[in-house]
Amino acid sequence: MTGPAELDEIIDGLLRPEKMISPKYFYDERGSQLFEQITHLPEYYPTKTELGIMQDNMAEIVALVGEHASLIEFGSGSSSKTRILLENLIQLAAYVPVDISGEHLLEASDKIRLEFPDLEVLPVVADFTQAFALPGPKFMPLRNIVYFPGSTIGNFTHVAARELLNVMYQEAGENGALLIGVDLQKDPAIIEHAYNDSAGITAEFNVNMLRHLNEAFGFDFDLGTYSHRAHYDEAEGRIEMRLISSCDQIVTAGDAEILIADGEAILTEYSHKYTLEGFAEMASSAGFEIMKVWTDADALFSVQYCVRS
Ligand code: SAH
Ligand code: AVI
């Protein structure tokens, strides 16, 4: 995903009055590794909470999914949480991990193949916000289960999230379902800590995006001149992550010149937190009915099973 259209998209975002870069550019090989480190941080509650919810409710999840399904995972990353599904779901027809971070996806798929030699693993390197073709498995699945863990849905604006749910509705097909992880609104201090970890890994993840743009698209960002900021906007119900320039500077890529002022911010990520009602409303506007919601005892995070209504 390093073509001229992507370069135009990045430059366009940097020329806006409020500069922004899409969070999909976090994920080169190094970015994927840094995200994996984030998932193990003590402050980053989403991954461990979601995994706990999956473990506690696996029997019910298995019964709802049924046999001979094809599991299509959007933004599969290291497929860490997926393992527990692959171990428990009955006679999966295939596992189709979809991710933009190609090298990382193919490595993760090789590991899954070694661990599950009888499972057909069909990785797809794609930007899932654009139309992409699903590979045909050897064994005809009885149904498609779209799996979208991690609350990656939160990284999209409400409009874009609804569009993505529409894509998933299509990919799920007539008899299909969606199993999705959705982070919930809670005490803002818990959320802010998760995105301002004491080890500084989230800051490194944020700045790494600029290194990725330098390497993949020929930008000349001076990495040492940007610092990480993550703030929870309670009214919007979202973390807003930015990179702040510490001086006046000009960044170039090819013929493009971008002026960045001392103290100016580049928005790199939203991470929306939902209420259960808010997510149900959005899912319903994309054609999904929520059949089951599981949460942890502190209602930090939810896993939701949605069918086409
Ligand atoms: N599902 C994993 C990883 C979440 S990190 C988990 O829950 O821990 C988000 C993942 O989505 C990354 O692996 C990233 O590469 C991928 N991703 C983000 N935007 C994407 C896009 N537009 N198209 C495809 N993959 C994307
Ligand atoms: C992938 N996504 C759901 C993560 C999140 O929490 O929004 C990305 C992340 N950004 C900072 N830390 C983790």
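This is a predicted model: local features need pLDDT of at least 70, side-chain atom pairs count only at pLDDT 80 or more; totals for chains, interfaces and linings use all residues.
Q: Which of the 18 residues around ligand 1 come nearest?
A: G75, K81, D99, D127 and F128 come nearest. A residue is near a molecule if one of its heavy atoms lies within 4 Å of it.

Q: What does the side chain of D99 do with ligand 1?
A: An N or O atom of that D99 side chain is 2.5 Å from an oxygen atom of ligand 1. A polar contact here is a pair of N or O atoms within 3.5 Å; within protein, one must be able to donate a hydrogen and the other to accept it, and residues adjacent in sequence count only if both atoms are side-chain atoms.

Q: And which backbone atoms lie by a nitrogen atom of ligand 1?
A: A polar backbone atom of F128 is 2.9 Å from a nitrogen atom of the ligand. For I100, a backbone N or O atom lies 3.1 Å from a nitrogen atom of ligand 1.

Q: How much of ligand 1 does the protein bury?
A: The protein buries 93% of the 560 Å² that ligand 1 exposes taken alone. Accessible areas come from the Shrake-Rupley method with a 1.4 Å probe; for residues, only the protein chains shown count as cover.

Q: How does the shell around ligand 1 divide?
A: Six nonpolar, seven polar and five charged residues. Ala, Val, Leu, Ile, Met, Phe, Trp, Tyr, Cys and Pro count as nonpolar, Asp, Glu, Lys and Arg as charged, and the others, Gly among them, as polar.

Q: On to ligand 2. Which residues come nearest?
A: Y44, N155, Y195, E269 and S271, of the 14 around ligand 2.

Q: Which side chains have N or O atoms by ligand 2?
A: Y44 has a side-chain N or O atom 2.5 Å from an oxygen atom of ligand 2. N155 has one 2.9 Å from a nitrogen atom of ligand 2. S271 also places a polar side-chain atom 2.6 Å from a ligand 2 oxygen atom.

Q: How much of ligand 2 is buried?
A: 97% of the 340 Å² that ligand 2 exposes taken alone.

Q: Which elements give two or more residues to that shell?
A: α2 (29-39), α9 and β10 (265-272). Helices (H or I, at least four residues) and strands (E, at least two) are DSSP runs, numbered from the N terminus.

Q: Last one. Is T49 buried or exposed?
A: T49 counts as buried because its relative accessibility is 12%. Buried means under 20% relative accessible area, exposed over 50%, partly exposed in between (1.4 Å probe, protein chains only).

Key:
Residues are numbered from 1 along each chain as its sequence is written. Chains are lettered from A and ligands numbered from 1 in the order in which they are written. Side-chain values use heavy atoms; hydrogens and water are left out.
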